[in-house]
Every structure is written in structure tokens, then in C-alpha cells.
Amino acid sequence: MITIFPIIAFVILVFLFILLSRRPYAVIPKVLYGKRVRWTVIGYVVALLVITGVFYVFPKTNSFGVIAEEDDIKTWEISDNLYEAASAGNIPEEYEQYIEQREEVEISDESLNVNYVNGESLSIFIKEKDTNDDLVDVTLYRTPTTVGDVVIDDEIPSVQMETGSNELTFSAPEYPEVKLISYQKEFPIIQFTDENSWMNEDTQMGSNLVYMEVPENIKLDYPEYMDVTYVTE
Amino acid sequence: MYLTHGRLLGHVKSQFQYKLKAYIGVFSSIIVVQLIALLFSVDSGSSTSSSDGVQIDIDYFSANTVIGFTMITVLINAIHITTKTFQEDGFIFSTTRLTANLSNVLFLLTVSVFGGMTAMLSSVVVRLGSAIMFQRQVLGASMDISASELFYGMGASIAYMLLVSAIGYVFGSLVQINRLFMFIIPAGLYGVLVLLEDTNGNQIGETVFTFFFHESSFLLLLLKVIVVSTVLFACSLLITNNKEVRQ
């Protein structure tokens with residue numbers, strides 16, 4: 001639909017031009033010619049100035065997301081590095097900022113049931129512990145979701161982790177459909193700034209990753225569709 | 001016919017005042033076009049991203065359409081002002097080609113200021129209007145537009161309007177000399193743009209576009225536009241100066 005807009009607009013433009021060029025002005029409203037047009041012009045300018053005043057006076061509170069402190073967040077790079085570190089069995093401290101939830105699950109049996117409900121795929125990395133302390137350490141990581149330079153994590157619910165008796169359940173939330181408006185600065189403005197001139201904010205979706213440290217005597221039971229990787233050092 | 005300096009200014013002033021009243025339809029045509037363009041600015045573009053059940057839909061808004069439409073309207077009006085019908089309107093005064101041209105330039109400058117200013121102010125209407133109409137959340141601080149940005153945007157818009165009006169005026173003047181120019185100029189320009197490439201393989205059109213639209217200094221942009229527009233208006237003056245007043 002958007003693609004035919006310029007054509008329709010052009011046709012209307014040509015039609016108007018012909019209409020306004022014709023004399024006599026039998027079909028043109030009186031406010032567009034003669035003595036009244038001066039008031040139409042003045043009224044239009046005044047209306048625009050009043051709207052501009054209103055725009056600057058009233059606060060704009062419907063802002064979505066948080067503007068990142070960093071200029072250039074590379075979510076894909078963060079996710080890739082996190083996956084690499086997890087598969088190597090050594091996640092550096094700098095990734096602690098992406099920890100969503102951390103739990104210790106006590107195991108009274110020889111096995112732990114792991115489930116993922118409502119979701120499609122969840123990456124789980126499992127590392128064997130050196131000690132048999134009957135505790136499974138589970139850490140859920142979440143990398144940021146960004147649109148342009150805005151982090152929108154707070155507006156999107158995260159995967160939930162619940163622990164039970166010999167059971168660990170992850171559940172995907174019901175995601176709301178996020179509908180946003182973005183305003184692009186006009187070309188006579190952005191030529192004096194470094195802003196992107198295209199109407200396409202770079203959207204980078206974050207991802208979830210589970211890192212588990214499991215005693216070697218504990219067996220894990222999980223459905224086939226789960227993406228489980230055993231860390232080998 | 002020659003005029004002394006004082007009389008020249010007086011004639012230009014009275015013709016300019018007459019044209020402001022007589023051609024006021026130009027201003028109303030800009031208003032109508034901007035109002036229509038505002039409707040088209042409601043949906044300037046959209047994008048959808050999804051992953052693992054999360055879907056993000058973004059609708060983009062901008063007043064670029066309004067500015068573009070206004071530029072086209074100013075261009076058409078600048079051409080129109082050179083036509084015989086419009087020129088004869090000015091002959092109710094004692095006039096020369098020089099005074100007629102100077103008053104036309106002043107009129108086009110006024111139209112450019114009006115068109116550029118209102119087109120840029122409409123960016124605020126697009127922002128407020130869409131926020132009220134759609135009641136959606138706005139991504140980050142994209143709705144913000146500082147007063148200085150608006151000021152520079154307005155200045156650049158006015159400059160672009162002046163530039164297109166100068167282009168339209170020189171084109172119209174050439175067409176008045178010979179109607180064949182109506183076809184020769186667009187065809188010739190197209191040929192030049194397509195065939196000529198500079199040493200880096202860039203199209204000339206791209207170079208001209210970059211010369212104005214990628215200029216990151218506001219003052220340099222103004223300087224470029226003023227110089228080019230002055231040259232174009234001077235060319236129009238030279239082109240039409242040899243014609244008899246009522247030719």
C-alpha cells in the first residue's frame with residue numbers, strides 16, 4: 001500500500017496545480033483565493049506556531065525503552081561471545097550483568113528433570129562439577145534486545161525458571177506484541193548530524209542461555225527438542 | 001528603458017507588493033499541498049522483527065514527504081510565474097524586464113521562506129498528530145526535536161526552496177525564449193546525468209546531490225545555495241533581458 005502512496009500523491013498534486021491555475025475559480029473554495037486567502041495563510045502559520053508551542057510545553061511521557069549509555073551496542077557480538085564462553089566452560093565476570101536469575105537446586109535423587117514449556121528453543125550448557133555436593137548451580141543469562149540505541153529489555157518479559165523437588169522448569173512467557181512508533185528526523189536536520197537517514201532502526205533481538213554446573217553423579221533428563229550442550233574442557 | 005537607482009527600488013517594491021496580493025494563490029496552493037502531504041506522512045514506513053516469540057513492529061513517521069511536496073510545488077510555481085499570463089499581470093505598472101525579474105525574485109524568496117518554514121513546522125504536527133491518533137509508545141527519545149534542530153532544519157528547508165525556485169525560474173525563462181526548451185532541457189539533463197561520470201565512476205547527479213544534501217555545515221550550505229541561486233537568477237535576467245517588455 002505504501003508504494004502506491006507517492007503515485008496517488010503525485011496525481012492529486014498535479015490535479016490541484018491545474019485546479020489552482022485555472023481561471024475563473026468556480027470550483028475552488030473561497031478560502032483559497034480572493035480576500036479570504038490572506039486570513040487562511042495567516043491562520044495556517046499561527047496554527048503551526050501554536051502547535052509547535054504546545055509540543056515544547058507539554059511533557060512527552062510515552063517513551064518506550066532506555067537509551068543506552070554506549071553508542072553502539074552489538075547484541076549479536078555479546079550473544080556470540082557468551083555462547084563461546086559457555087561452551088568453553090568459563091564465563092568471564094563481565095557477563096554477570098546479563099544474569100537474569102541464579103538458583104541452586106538441591107538434588108535428593110540421582111536425576112534431575114529439566115523442562116521447557118511454551119517455548120521453542122532454549123540453549124543449555126552443562127558443565128560437570130568436580131565435587132558431588134548434590135547441588136546443581138543454574139544461571140539464566142539474557143542478552144539485551146535493542147532497537148537502534150534503545151534497550152527495550154524492561155518491556156519484554158523474560159524466560160522464567162522454577163525449581164522443584166528434583167525438577168527444573170523453564171517457561172517462556174506470553175510475549176506481548178510490541179508496537180512502537182519511531183520518528184525520523186527530517187533530511188534538512190539530519191544532514192547536520194550523524195544520525196541514520198534510513199527509516200530502519202537496527203533491531204537486534206537478545207537471546208536466553210542457561211549455564212548449569214552439575215555434580216557428575218547426577219543424571220539429567222530432558223526432552224529431545226531441548227538444545228543441550230555438554231561442556232568439554 | 002532605464003531607471004535611476006531610487007526609482008528602480010520604488011518600482012520593484014510596488015511590483016513586489018502587487019504580486020504578493022495578485023499571486024496569493026501560490027501560498028494557498030502550498031497550504032493545500034502540505035495538508036495532503038501530512039496525510040501521506042502518517043505512514044512513512046514500517047519494519048517488523050521477530051525471534052523466539054517476540055515480535056517488534058515499528059512504524060516510522062517523518063515530515064520528509066511534506067518538505068518534498070512543498071519543494072515540488074515551489075518549483076512548479078516558479079516555472080508558472082515566468083509564463084506569459086503571469087508576466088502580463090505585472091505590466092499594469094510602468095516596468096522594465098529588470099524590475100519585473102527583481103520583483104519576481106523577491107516574490108519567490110517570500111514563497112521559499114513561507115514554504116520552508118511551514119514545511120519544517122509541520123514536522124511537529126506529524127509528531128503530535130501521530131502520537132494522539134495512534135496512542136502507541138514511542139521508541140526512546142525519537143519524538144524529541146530540539147529548538148536548535150528545528151531552527152537549522154527551517155533554515156536548510158528555506159534554502160532548498162530557494163534553490164528549486166531558482167531552478168524553476170531559469171527553466172521557465174528558457175522556455176519563454178523557445179518552447180522547444182521544454183523538451184530539450186529535461187532530455188539534455190537526463191542525458192548528461194546518465195552519460196557523464198566523474199573520474200571516480202560517480203554519477204554527476206550524485207555529485208550535485210552530495211554537494212547540497214550532504215553538506216554538514218549549515219553556513220556552507222547557505223553559502224552554496226545563495227551563490228548558485230544568485231547565478232541562476234542572474235542567468236534568467238540575462239536570458240529575458242533582450243526580450244521586449246510585452247514580447
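**The interface**

In the predicted model, 60 residues of chain A are in contact with 84 residues of chain B. The size of an interface is often given as the accessible area lost when the parts come together. Here the two chains bury about 6800 Å² between them, and 70% of that area lies on carbon and sulfur atoms. On the side of chain B, the residues that lose the most area to chain A are B:Tyr60, B:Gln137 and B:Leu139, which together make up 10% of what that side buries.

Polar pairing also occurs across this boundary: 20 residue pairs are in polar contact, both residues having pLDDT 80 or more. Helix α5 of chain B, residues 97-134, supplies the largest share of the side that touches chain A, with 15 residues. Sorted by class, that side of chain B has 43 nonpolar, 30 polar and eleven charged residues.

The chains are also joined through strands. Strand β11 of chain A (residues 177-183) runs parallel to strand β2 of chain B (residues 54-61), and seven bridges join them. Within this pairing, A:Leu180 has B:Ile58 as its bridge partner.

**Strand β6 of chain A**

Strand β6 of chain A covers residues 135-142, and eight of its eight residues are buried. In a regular strand the side chains alternate between the two faces of the sheet. In β6(A), A:Leu135, A:Asp137, A:Thr139 and A:Tyr141 point one way, while A:Val136, A:Val138, A:Leu140 and A:Arg142 point the other way.

Strand β6(A) pairs with strand β3 of chain A (residues 99-106) in the antiparallel sense over seven bridges. It is also joined by six bridges to strand β13 of chain A (residues 208-215), again antiparallel.

**Salt bridges**

The structure holds seven salt bridges over all chains, and two of them are found across the interface of chain B and chain A.

| Residue pair | N to O distance |
|---|---|
| A:Arg142 and A:Glu100 | 4.0 Å |
| A:Lys129 and A:Asp137 | 3.2 Å |
| B:Arg127 and A:Glu186 | 3.3 Å |

The pair of B:Arg127 and A:Glu186 crosses between chains, from helix α5 of chain B to the loop between β11 and α4 of chain A. B:Arg127 counts as buried at 0% relative accessibility, and A:Glu186 is buried with a relative accessible area of 0%.

A:Arg142 and A:Glu100 form a salt bridge within chain A. A:Arg142 lies in strand β6 and A:Glu100 in strand β3, so the pair ties together parts that are 42 residues apart in sequence. A:Arg142 is buried at 12% relative accessible area, whereas A:Glu100 counts as partly exposed at 38%.

**B:Ser173**

B:Ser173 is found in helix α6 of chain B, residues 147-177. With a relative accessible area of 2%, B:Ser173 is buried. Its side chain reaches the backbone oxygen of B:Tyr169 at 2.7 Å. Leaving aside residues up to four places away in sequence, B:Ser173 touches B:Thr82, B:Ser236, B:Ile239 and B:Thr240.

Conventions. Residues are numbered from 1 along each chain as its sequence is written. Chains are lettered from A and ligands numbered from 1 in the order in which they are written. Side-chain values use heavy atoms; hydrogens and water are left out. Contact means heavy atoms within 4.5 Å. Buried area is the accessible area (1.4 Å probe) that two parts lose on being put together, summed over both. A salt bridge is a side-chain nitrogen of Lys or Arg within 4 Å of a carboxyl oxygen of Asp or Glu. A polar contact is a pair of N or O atoms within 3.5 Å; within protein, one must be able to donate a hydrogen and the other to accept it, and residues adjacent in sequence count only if both atoms are side-chain atoms. Helices (H or I, at least four residues) and strands (E, at least two) are DSSP runs, numbered from the N terminus. Ala, Val, Leu, Ile, Met, Phe, Trp, Tyr, Cys and Pro count as nonpolar, Asp, Glu, Lys and Arg as charged, and the others, Gly among them, as polar. Two strands pair if DSSP finds at least two bridges between them. Buried means under 20% relative accessible area, exposed over 50%, partly exposed in between (1.4 Å probe, protein chains only).
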